[in-house]
Amino acid sequence: MMNRECDLNKKNSFSRWDFYSLFSIVAVAFVTFTDWPKLPFFMDCYYHLATMRGFSDAGGWVGQAFWEYAPTGRPHLYPPLFHFLELILFKNGVAPLQIARLFDFFIFPLFLLLIWFIIRDLVDSEVSFFSIFLMGTTHSLYLAIVNNIPFSLSFMLSFSSFYFFKKQKPVSSSVCLALALYTHPLMPWLMIAAFIFYSFFQRNEARRLLFICAIAVALALPLLLHQLKFYSFFRSIKTFEFYTAEINPILLLLAAGGAMLVFKKKGDYLFFFALLCGMSLLLFTNRDRFLSGQGVISFSFLAALILTETRRWLLRSFKKASIPRQDSPAFRPGMNAGCLWEGTHGKVLLELFSRLFERKKELRTLARGIPLFFFFSILVFEFVFLTPLVLFSPLKKNPDIILESWIVSQLSQGFSQTPKGETIYNEKFVAPTVALLKQYSDSDDIFFSNYDYAGGMIAALSDRATSGAMLREVKSFKTFDSLQHARFVLWFKELDTDEQGKRIDAVKRYGLKKIGETDLAYLYLNNEAHLKRQVIPAIVPTGVCFLILFLSGAVIILENTKIKFSLR
């Protein structure tokens, strides 16, 4: 009992490792702030902004995405929690583009902060520091967290679910896992798989943990039944990113050693191996996210175990090593050289330094710290200043092997090995195009774009419905000619001869009339199209959705302050 209280007090006290962790998080936040001019990253954010504006126009959650594939629309199967978080800012006057930028900037530091807190409380401060250090210096994880915010939020919620489970807070655990199911369609199921793997290792906790999963699924049943109803509209698509990867081989080697170590330590450590097993299911759906994205979280924790044990071993070894005095037998003339290799690890180095430093205590203490100095120097050099990376791409037969540091490069000229580290938004070109479309069109007009994702960006920023769609995993209700039923046609300029030919053919075939032009695109009017966007009334009003979010947070706060629940 006394040992347990001592361990609890040790975890609650703020240690130097906690300072290192928080300093690392602040440093990462500072480095990522240099990305502000390039935010929001890539394209996914515009899908979520368009969904947010669709909910705003409908007055709450709707099961039909009338703002895409207009005028027919398609089933809206994406979980809505993130879009209502965006909607809170939007209702308070924050511009859509700024909403995307704010989420992109804050998500990674908040993610690291949560991971630090949970690992610190469940394991210890040192393992937590090394985990945060490895995650914070992995560029591919940073991009995955920022580019897939609903996935990242869902991971944070489901990871919190496990934390509350270990803290005997079943209501908080169930609510967090249910909220994760309302945030992303895949991530919470990976965590549930991790819970099942963990149950195999910890049989005594299996019943309670599976009960938590059952309650969470029951709470998310309205959304799950809606998704099941329109499951036939879903199709699995392997994007280009599926075949790419950015891997740090040193991190994987360290993680392999940590995977063996967890079975020696057992207890809560086994969860992180179970998490690795659960996340490995991404190999079938989003392989890049496992190898380079959120899968790095498990790799980092396992690697952190090895680094922690290595540092502690060095500390124990060199503390135990004796430092002979100058008049000891070890220094007498003619001694056997072989005796230098006897005794505790590191004795050779200490004896040599003792010869050099004689009896000066401070210098002998410095000699003990040299191995740790080299340990941290190698660690910082490898993960901060010169990181070996193996880059896989379907465009190349063989992988590229490079030495790079995204942090150092970021502070100088910017760094990205992938388009996901860049933005497709350019104020000079995009803003005039959005203004042009809004000038000629009404709020219920539909427009067609020859590039679905770029058109989706314009749709999100102009609040206009598009006859195309960004994420094609969900089909439209009906197959139709997307250009024929669009009142306006936004054709992005392209130097490619084939694309110019398609534009000329479309103008002739549909009798399009050019009404405007920017440096980015042409705008045409289709006089034969008269159908309008049909706004579907909300099934769950916005106020009710906000109330559910508030009550969920209130329940978690109450259980962790005054109310106690138990599962027996």
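Helices in this account are DSSP runs of H or I with at least four residues, strands are runs of E with at least two, and both are numbered from the N terminus. The model is predicted, so local features need pLDDT of at least 70 and side-chain atom pairs count only at pLDDT 80 or more, while totals for chains, interfaces and linings use all residues. Residues are numbered from 1 along each chain as its sequence is written, and side-chain values use heavy atoms, with hydrogens and water left out.

Residue Lys266, with a positive phi near 60°, follows α13. The helix itself covers residues 249-265, and its 17 residues reach 25 Å from first C-alpha to last, close to the expected 24 Å (1.5 Å times one less than the number of residues). Among the buried residues of α13 are Leu251, Leu254, Gly257 and Val262; buried means under 20% relative accessible area, exposed over 50% and partly exposed in between, with a 1.4 Å probe and protein chains only.

Helix α5 (residues 96-122) has 27 residues and reaches 38 Å from its first C-alpha to its last, close to the 39 Å expected. Of these 27 residues, 20 are buried, so α5 is largely enclosed by the rest of the structure. A kink of about 35° lies at Ile107, shortly before Pro109; the bend is the angle between axes fitted to the seven residues ending at a residue and the seven starting there.

Turning to the strands, five of them form an open sheet of mixed pairing, in the order β8-β7-β9-β11-β10. Strands β8 (465-466) and β10 (513-517) stand at the edges with a single partner each, so one side of each has no neighbour in the sheet. Pairing requires at least two DSSP bridges between two strands. Strand β7 (residues 446-449) pairs with β8 in the parallel sense over two bridges, and Phe447 stands opposite Thr466 in β8.

Finally, Ala193 lies in helix α10 (residues 187-201). With 14% relative accessibility, Ala193 counts as buried. Leaving aside neighbours within four places in sequence, Ala193 is in contact with Gly278 and Leu281, where contact means heavy atoms within 4.5 Å.
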